[in-house]
Amino acid sequence: MWKSEHKLNRLESTRLIGPMVDNHWAQLREAKSKGEKIAWASGPSFMYPYAIGMKCHFMAGYASYCAGRHAADRILEIAEADGELRDTCSYHRLHMGMSAAVREGHEVREDVILPMPDLMISGRFCTEQSHYNESLYRRHGIRHVGIEHPSPRKEEDFPRIEAYLVRQINEILIPTLEDVCGKPFDYEKFSEIMWVLKKACLVRNECWEFFKKKPLPWTLWDYAVSLAPVIYLMGKPETVPYYEKVRDELAERVEKNIPAIGPDGEKYRIMWDGWIPWAFLSRFLGKLLSRGAAPVCGRYPWEFFPNPEFIDPEIDPIRNFVQVWYSGMRLFYHDSPYGAEEIFSEMIEDYSIDGIIMFSSKTCRLWNRGQLDLLSIMEKKYGIPSIIIEGDMIDSTMISDAQIDTRLEALFEMIDGRRKRSNHSR
Amino acid sequence: MEEVLNRFLEITADPYNSIAQYKEKTGQKVIGCFPMWIPEEIIHAAKALPVVMWRSNEPVTLGHVHLPPYNCAISRSIVDDALKGKLDFMDGMIFFRECLISEEVPFILEKNIKLSYIDFLYFPPLYLDDVGRDFMLGELEIFKKGIEKLTGKDISDAALLESIEIYNENRSLLRELYEVRKKTPGILKGRDILNIVWSGMLMPKEEHNSLLRDLLEEIRNSKVTQQVDERRKVILTGCLCQTPQVEILDLIENLGMTIIDDDLFTGSRYFISDLEVNGNPLKSMVDRYFKRPPICPTKADFETHLGDYLADMAKKVEADGVIYFLTKMCPPQLTYYPDVKRRLAKRGVPEILIEIEHELISLEGTRTRLEAFKETIGGV
Ligand code: SF4
Ligand code: SF4
């Protein structure tokens, strides 16, 4: 075990996120009793049901919520007992386990129960996002609608993919929502959600600026737990003051010279690529902290509206929203291996990164695509060492401490070696 | 019959060499397609040879440097082959988005090997009515232009129609062969059928058609008629994007089961549906893509159930059970399996799961499972 002389200074403001998130999931659990309709959504598709007045779950958001409360393992066990195969995406298994628990009355904790939906929406940028809908449909006959979000490979792919997605939303998704809810889609509400989102993201971007500071006043983990306001809490008025509080606290820290990692700030600045390991945040942070390392940035947490200036729902909110994801912020391009190089380079330069950890999920290929090539490209381009840590976001049976410790040790040795060499050559 | 079967085997025993030789002989360009749903007719109409990319039988070495062990076997195998230079005879490769892994392979190839043409299409994996159809039509037009540029040949509708006819004949001959197998179980071994279908993915369809015609003729002339086969009949399903190891097929038969029909990737999935031409050939290709069967786990198909399809298939040929070949680490198959299992159980059809990996480390575990399965279905 590493002994740590480093201490984490937690942000006070991020404690406010818990009640906001709890409230979201509590409202979902209470929706049926209030006569409200419920949707389950994956990918960027939950804002459409919000706009028509449904309560909506978000696949990855639920998984992180559940894992953060250490409730995922039990539900994964139920899924396995119900016949799910272990190599299957753990988010898929989690939802299968939850549906089995609800339908068959298995005991699970009250605060993570997910009511069965009136509609499932798959915003399919990962192909597996519709597989769980398909499975739920086959088992429970729940209504579904899918829209496809392909990742562009080249610049010339953007316009035709955007046009395709706009048609899917206008001709398939919105009519389905109108049919399920028995009322017209509320474009004004949709625009309102986008305006609030824009404001929240602008303030959130001010917070991001603090990741450029040395020493860091906060770590990526602080931001990871603050993601919900720009994802499934999007459009809620309280999301803007939340980031304002975080920003103000960060400013105060800089002024008072309080680093996130005490006593003297971080020794290593790490880019954490791939999923955030939701169920193991403190376990990983402990390992990093013991060496004075801080996770700083990563493609996944930067996926949520990094360029809010493109949000402008004035004329055609649906088209604008699609453009925001594609040609505006290039998000589905950065997600894919083709665009990863572009965003990796930006992050390494903007946030003065010393090393990269690629968190490779054994059951989700989304961020893994091209990972080994990408890391060697970055090593060549910037001379930055990198390691791969294999595991899972929520399934504890897929995490091995021995493997993680050895690889982390190797990473820090490589960074130290690189520093020595560059000092030597000076 | 042995002789004609050997001619199919010549192709599959060393696809790299046989395709390279064909290229040298004809001067035709060779385009690798991954996976099978690329309309090969477009390539064929430009007088080039489309081949469905395959899993090699060699241990993967270089592939491990680029892909983790939790990717499916075919992805590691293609990357491995390409990096070892074994696919250098290919003039181009075309991929489409059927899963996350199929998006990853072309990226790795582009970064590591030189190809004059590599493209990636976005076929809608959802049944999206006109929206999906229109989009796919656009993709096919782009694909057609790309092939025209590569080969320097314009692809006319007449050429497409001619290619479609040759491909449809191939599908129909293969279906005829499968009918023969149903009527005279055991007339061809599982490995023979696999080689026959697989070779069709690797060689010009005209030649494959001619071989198939010879084979069917020989079967007709041989005095083999409907036999009483006491062995338990099984159907194989799955093994997406690759061939299963022939040793597993032999094992099934050596344990006293007979393969009566299949729903394999290198099997009936490849030829079960014809390309029916209604006006515009490209539009007809879109129609075929959305046609069922086969029931494909990679497509978000809410209208059909693979379990029902297999149960109906089993009933039709009076099969005693279904063997589900799961391509290890293949998400579409992994997620579908529990439902197939449930539905088959509900329909009273016994089923067993067999995982297919790239390297066949030991057949013993598979043997034990298959033996137990055979007992379940009442075999002695
Ligand atoms: S495979 Fe990954 S991206 Fe896809 S649904 Fe599962 S967790 Fe999400
Ligand atoms: S075998 Fe499965 S995971 Fe692999 S490429 Fe095919 S569909 Fe994708």
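Let's start with the area buried between chain A and chain B: about 4,600 Å², of which carbon and sulfur atoms give 57%. Buried area here is the accessible area, taken with a 1.4 Å probe, that two parts lose on being put together, summed over both. In chain A, Arg138(A), Tyr164(A) and Arg365(A) lose the most area to chain B, together 16% of what that side buries.

A quick word on where this comes from. This is a predicted model, in which local features need pLDDT of at least 70 and side-chain atom pairs count only at pLDDT 80 or more, while totals for chains, interfaces and linings use all residues. Residues are numbered from 1 along each chain as its sequence is written, chains are lettered from A and ligands numbered from 1 in the order in which they are written, and side-chain values use heavy atoms, with hydrogens and water left out.

Back to the interface. How many residues of each chain are in contact? On one side there are 55 residues of chain A, and they meet 56 residues of chain B; contact means heavy atoms within 4.5 Å. The residues on the chain A side divide into 16 nonpolar, 18 polar and 21 charged.

Now the charges. Side chains of opposite charge can pair when their charged atoms come close. We call it a salt bridge when a side-chain nitrogen of Lys or Arg is within 4 Å of a carboxyl oxygen of Asp or Glu. Across the interface of chain A and chain B, the rule finds twelve of them. One to look up on your screen is Glu148(A) with Arg97(B), where the closest N and O atoms are 2.4 Å apart.

Which element gives the largest share of the chain A side? That is α6(A), with nine residues. Among the others that supply at least two residues each are β5 (144–148) and α7 (157–181) of chain A. Helices (H or I, at least four residues) and strands (E, at least two) are DSSP runs, numbered from the N terminus.

Helix α6 of chain A also has a partner within its own chain. Arg139(A) forms a salt bridge with Asp82(A), the closest N and O atoms being 3.9 Å apart. The pair links distant parts of the chain, 57 residues apart, with Asp82(A) in the loop between α4 (72–81) and α5 (90–104) of chain A. Over all chains, the count comes to 71 salt bridges.

On to the sheets. In chain A, four strands form an open sheet in the order β3-β2-β4-β5, with parallel pairing; two strands pair if DSSP finds at least two bridges between them. β3 (55–58) and β5 of chain A stand at the edges with a single partner strand each, so one side of each is left without a neighbour in the sheet. Strand β2 (residues 38–42) of chain A is joined to β3(A) by four bridges, and Trp40(A) has His57(A) as its bridge partner. Helix α7(A) packs on this sheet, touching β4 (119–124) and β5 of chain A, and its direction makes about 165 degrees with that of β5(A). For such angles, axes are lines fitted to C-alpha atoms, for helices over the stretch in contact, and angles run from 0 to 180 degrees between N-to-C directions.

Chain B has a four-strand open sheet too, ordered β6-β5-β7-β8, again with parallel pairing. Its edge strands are β6 (257–264) and β8 (351–356) of chain B. In the pairing of β5(B) with β7(B), which runs over five bridges, Thr237(B) stands opposite Tyr324(B).

Last, some backbone details. The peptide bond from Lys214(A) to Pro215(A) is cis, with omega near -5 degrees. In chain B, the bond from Phe34(B) to Pro35(B) is cis, with omega near -15 degrees. And His70(A), in the loop between α3 and α4 of chain A, has a positive phi near 55 degrees.

How values were computed: Ala, Val, Leu, Ile, Met, Phe, Trp, Tyr, Cys and Pro count as nonpolar, Asp, Glu, Lys and Arg as charged, and the others, Gly among them, as polar.
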